[in-house]
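Look at the structure first, then read on.

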Amino acid sequence: MRPFFSGLGASLAIGAGYVPIAFSFGLTAVEAGLTPATTLLISAIVFAGASQFVLVALLLSGASLWAALGTVVLMNARHIFYGPALATHLHTAHVPAPLLAFGLTDEVFATAMSRIDRIEPSRREGWCVGLQLGAYTCWLVGTALGAAFGSSLRHGPAALRDGLSFVLPALFFALLLESNPGRHRVAIASAGIAAAALSAVLPSYHALAIAIVIGAVCHAAGEQR
Amino acid sequence: MSHTGWIVVACGLGTFLLRLIPLWQARRRRGGHAALAARQRRLSGIGPAAIAALLTLSLWTPMAQDPQWTRIAVAALALLIVWTIKRTRGGIALPTLAGALAYGLVLHYLNTPG
């Protein structure tokens with residue numbers, strides 16, 4: 001159980017970023033007209049940040065099942081890269097793949113990839129489950145709070161709102177420092193430049209997916225030379 | 001179940017399968033030590049590339065929509081605080097929270113009249 005609790009502890013930083021985002025999702029969805037139960041169902045089943053906001057807009061516009069499914073799948077297409085990259089670090093198969101895959105969000109993947117090499121190989125699966133469960137719980141709690149109390153708390157102190165808006169950039173920067181940036185500078189520089197350039201012409205979820213591919217390809221090309 | 005409920009379930013299932021199938025296939029294709037090492041080398045850039053792209057977009061998108069030098073300078077200062085605390089204390093949670101706190105407080109101080 002120790003690796004599980006260690007993963008749960010590692011999810012605290014993700015949780016600090018997730019609660020305010022999930023809170024604003026809960027608030028947005030309920031204020032747009034969805035019931036609190038449907039709002040919580042979306043967070044419980046989809047568990048994928050930006051695409052949940054788009055799904056709310058699609059549901060309210062009366063989109064068909066196929067239109068909504070196509071949009072959400074396209075937005076989350078980058079997740080196909082995460083499983084194979086994570087699998088290369090898992091040397092045991094005690095935990096069923098669905099349990100390891102369900103919570104593989106951007107932030108969970110980023111945290112796992114920056115820290116997993118420091119975990120003993122036999123303990124990595126348990127650590128990943130703890131990490132995902134912690135992040136998932138924070139996501140659900142944030143959504144529930146936003147759906148229940150969002151309208152009364154939306155005018156909180158400006159310093160708090162500004163601070164919460166910077167949790168994810170601070171988290172990603174801390175994770176970048178943790179991921180041995182000296183060894184991966186080609187991947188980091190190419191992905192960063194590509195993301196900035198592509199975001200000017202593409203929606204951010206497409207820019208993200210393409211930038212990841214560019215960074216990984218540049219890294220692999222550099223390793224072969 | 002309502003039509004809305006079916007759409008939510010379908011979108012959840014679609015997202016789950018995007019995460020599950022590649023992981024499941026990668027585990028089945030495990031192969032020998034040499035094959036695993038080769039695959040690890042090929043895929044080792046994905047993690048840092050994803051983190052760099054996520055960091056760039058989380059900083060770039062709001063700054064591009066509302067470019068204010070004050071916000072950019074305060075963001076740079078907050079990242080410097082993350083870097084300093086990461087180097088001196090280590091970990092992820094403490095540098096993250098310190099950076100976010102610094103960003104909120106400094107911005108609030110600069111925006112307070114008088």
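## A helix pair in chain A

Helix α2 covers residues 12–32 of chain A, and helix α11 covers residues 167–178 of chain A. Their axes lie 9 Å apart, and the packing angle is about 155°. Angles over 145 degrees count as roughly antiparallel, so α2(A) is roughly antiparallel to α11(A).

Which residues make the two helices meet? From α2(A) come Ala13(A), Ile14(A), Ala16(A), Gly17(A) and Ile21(A). From α11(A) come Val167(A), Leu168(A) and Leu171(A). Sorted by class, the contact of α2(A) with α11(A) has seven nonpolar residues, one polar residue and no charged ones.

## A helix pair in chain B

Now turn to chain B. Helix α4 (residues 69–89) of chain B packs against helix α5 (residues 93–111) of chain B. The angle is about 150°, and the axes are 8 Å apart. Therefore α4(B) is roughly antiparallel to α5(B). The crossing of α4(B) and α5(B) is right-handed.

The residues in contact include Val74(B), Ala78(B), Ile81(B) and Ile85(B) of α4(B). On the α5(B) side they include Ala98(B), Ala102(B), Tyr103(B) and Val106(B). By class, the contact of α4(B) with α5(B) has 15 nonpolar, two polar and three charged residues. Among the residues of α4(B) in this contact are Arg71(B), Lys86(B) and Arg89(B).

Helix α12 (residues 185–198) of chain A crosses helix α3 (residues 46–65) of chain B at roughly 35°. Their axes come within 8 Å. The crossing of α12(A) and α3(B) is right-handed.

Here α12(A) brings Ala187(A), Ile188(A), Ala191(A), Gly192(A), Ala195(A) and Ala196(A). They meet Pro48(B), Ala49(B), Ala52(B), Ala53(B), Thr56(B), Leu57(B) and Trp60(B) in α3(B). The contact of α12(A) with α3(B) counts 11 nonpolar residues, two polar ones and no charged ones.

## The whole interface

How many residues does each chain put into the contact? Chain A gives 85 residues, and chain B gives 62 residues. Together the chains bury about 6300 Å². Carbon and sulfur atoms carry 78% of that area.

Three residues of chain B stand out here. Arg19(B), Arg27(B) and Ile51(B) supply 12% of the area that chain B buries against chain A, more than any other three residues.

## Confidence

Chain A averages a pLDDT of 88, with 96% of its residues scoring at least 70. Chain B averages 86, with 90% of its residues scoring at least 70.

Where is confidence lowest and highest in chain A? Helix α10 (residues 158–165) of chain A is lowest, at a mean of 76. Helix α3 (residues 36–45) of chain A is highest, at 95. Where pLDDT is low, the predicted coordinates should not be read in detail.

Definitions and conventions. Residues are numbered from 1 along each chain as its sequence is written. Chains are lettered from A and ligands numbered from 1 in the order in which they are written. This is a predicted model: local features need pLDDT of at least 70, side-chain atom pairs count only at pLDDT 80 or more; totals for chains, interfaces and linings use all residues. Side-chain values use heavy atoms; hydrogens and water are left out. pLDDT is the predictor's confidence in each residue, from 0 to 100. Helices (H or I, at least four residues) and strands (E, at least two) are DSSP runs, numbered from the N terminus. Axes are lines fitted to C-alpha atoms, for helices over the stretch in contact, and angles run from 0 to 180 degrees between N-to-C directions. Angles under 35 degrees count as roughly parallel, over 145 as roughly antiparallel, 65 to 115 as roughly perpendicular and the rest as oblique. A crossing is left-handed if the near helix is turned anticlockwise from the far one by less than a right angle, and right-handed if clockwise. Contact means heavy atoms within 4.5 Å. Ala, Val, Leu, Ile, Met, Phe, Trp, Tyr, Cys and Pro count as nonpolar, Asp, Glu, Lys and Arg as charged, and the others, Gly among them, as polar. Buried area is the accessible area (1.4 Å probe) that two parts lose on being put together, summed over both.
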